[in-house]
Amino acid sequence: KRSQHEDGMDTVLKKRTMFISVGIISSILFLYCTAYYPKYALAASFLLLAFLVSLYIREKLFFVFIFLYPLMPTYFAFDPGGSLPLMTAGRLLLIYVILFDIAFNKDKFRKIKELKLNKEIKLIILSVTFVLFIYILNFFTYPNVESFKILSSFLLENAILGAYVFFRLGNSQDIEKAVRCFLFSALFISLTGYVEFILDRNVFSYLDIVQSSGRQLLSSDSYTRLGENRIEGPFGHPLGYCNFLLMAIPMGIYKWQTSENIKVKTGYFFVTVSLLINFLLTLSRGPMLAFFAGALFYFILTNKRYKQILFMLVIAFSGVFLVGLVARVVPGFVRNFFVSLIDAVFARTSTPGFGANSNAASYRLYLFDLAKKLVTGNDIWLGRGMSFFRLNEVYDWVPGISNTREIRIVSIDNFYILKYIEMGLVGLISTLLFIFSLIYSSAVSFFRAKNREFYLCFIFIFISYFVSLFTVDDIGTMRFLCITTGIVSANIASNRWKSEKNQS
């Protein structure tokens, strides 16, 4: 009889022979591809390297994804053509990380069978399901290639992304890591923002490999205001960058507020200051007013100690700012920006040199009239289709912008009016239900939980972001909101599990 040792040796030899054979065949194929298809060989080499690195940092790959995802511009992509959506690097990274985690990190996911959902999580799931149903309904009502691209993008970068983050964050330590990674990604972008503002060079624009925008992206002079270039980071528009910062700044304030080590606390304070400076350098009024709205709720709900600290910081900043204005140390565009901000609040004519659409109040009121013109009859319920502005040329007189002739309207600077035009009342109602579910769940958790600062951070985020959408479309930032939704939902579920465990 053969011994177990001999059987084991045979198995080892067979595996070694198999690996050697596979290695030889792979090398021959790689050399052949390199000779005749160098691009495919380069792509295969990159994928192999990425896979090996992923194996090395297996348990940290998810957090690397949270850091890298905001850094991937939508124009860092290739167009497969036909009915397929643009294959951006961010989408490919998301697909890769999900598949890798399913294969190698199954133990890191929440177990659906063990998950006991409270009413707050159920409300969020219900609202997301309703929104998804409306998107699918809208696609079958207006079936076309562009609608399919929008629907598939929504499925991947909103529904699947949010669910992935929720199920991947199984404990409070991972949740805090995800917040830090998102915040450090925003810090990295803010550092490039100074380069963009000073040198008029958008670092991320060198990743434009599709040239789908039709404009020169190597400089930021496409968007100017008050004689200065507005920074946009990897988001393609200053307002898109603002919407992203409306999520990152409250996270910075949260980490500053909850850190116990004085050096760490000081570090997060300067991180938040850097993000605030970038926010100002976008020279965007609507998101700035939305930030003030969120900050007001934060100030009302935070504890007494931080009310005093914030009050002193605001007084000190206001004093230095006024002294700087009197001494003419503050740049003129900063002064004019705050003057135009006040003008926007009181619906007055804006500061000269503010650019097109200077009278924000008249333009926003015009959007309601535009919605009445475009949505009539049976379209009131289901809208004109989510690809309406992609497939149709709409011309009109726009107050403050077109004074001599009609211009083509390619975007609507109000997310809610745009949803009404594209998806009708049912689309608008589903969106409002989603917004309500997030704010309600965070508020209920805030009043119940011991660590209130976490939920206060997300109340700040949701109020600021959704108020900002009254003045602008989401501009591709809804996917980052889905990351924050996944984070806060994971924390609500984790706290529920902890409370049930302590009671049992």
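Which helix does glutamate 157 lie in? Select helix 6, residues 145-168, and you will find glutamate 157 there. Helices (H or I, at least four residues) and strands (E, at least two) are DSSP runs, numbered from the N terminus.

Before moving on, some ground rules. This is a predicted model, where local features need pLDDT of at least 70 and side-chain atom pairs count only at pLDDT 80 or more, while totals for chains, interfaces and linings use all residues. Residues are numbered from 1 along each chain as its sequence is written, and side-chain values use heavy atoms, with hydrogens and water left out.

**Stop 1: glutamate 157.** Its relative accessibility is 8%, so glutamate 157 counts as buried. Buried means under 20% relative accessible area, exposed over 50%, and partly exposed in between (1.4 Å probe, protein chains only).

**Stop 2: phenylalanine 139.** Go to helix 5, which holds this residue. Phenylalanine 139 is buried, at 14% relative accessible area.

**Stop 3: helix 5 against helix 16.** Show helix 5 (residues 119-141) with helix 16. They pack at about 170°, axes 9 Å apart. Helix 5 is therefore roughly antiparallel to helix 16. Axes are lines fitted to C-alpha atoms, for helices over the stretch in contact, and angles run from 0 to 180 degrees between N-to-C directions. Angles under 35 degrees count as roughly parallel, over 145 as roughly antiparallel, 65 to 115 as roughly perpendicular and the rest as oblique.

**Stop 4: along helix 16.** Select residues 415-448. This helix has 34 residues, yet its end C-alpha atoms are only 32 Å apart; a straight helix would reach 50 Å at 1.5 Å a residue. The expected span is 1.5 Å times one less than the number of residues. Centre on methionine 423, where helix 16 bends by about 130°. That bend is the angle between axes fitted to the seven residues ending there and the seven starting there.

**Stop 5: two loops.** Most residues other than glycine have a negative phi. Aspartate 200, not a glycine, has a positive phi of about 60°. Find it in the loop between helix 7 (172-199) and strand 3 (224-225). Finish at isoleucine 475, also with a positive phi, about 50°. Its loop runs between helix 17 (452-468) and helix 18 (478-503). Isoleucine 475 is partly exposed, at 27% relative accessible area.
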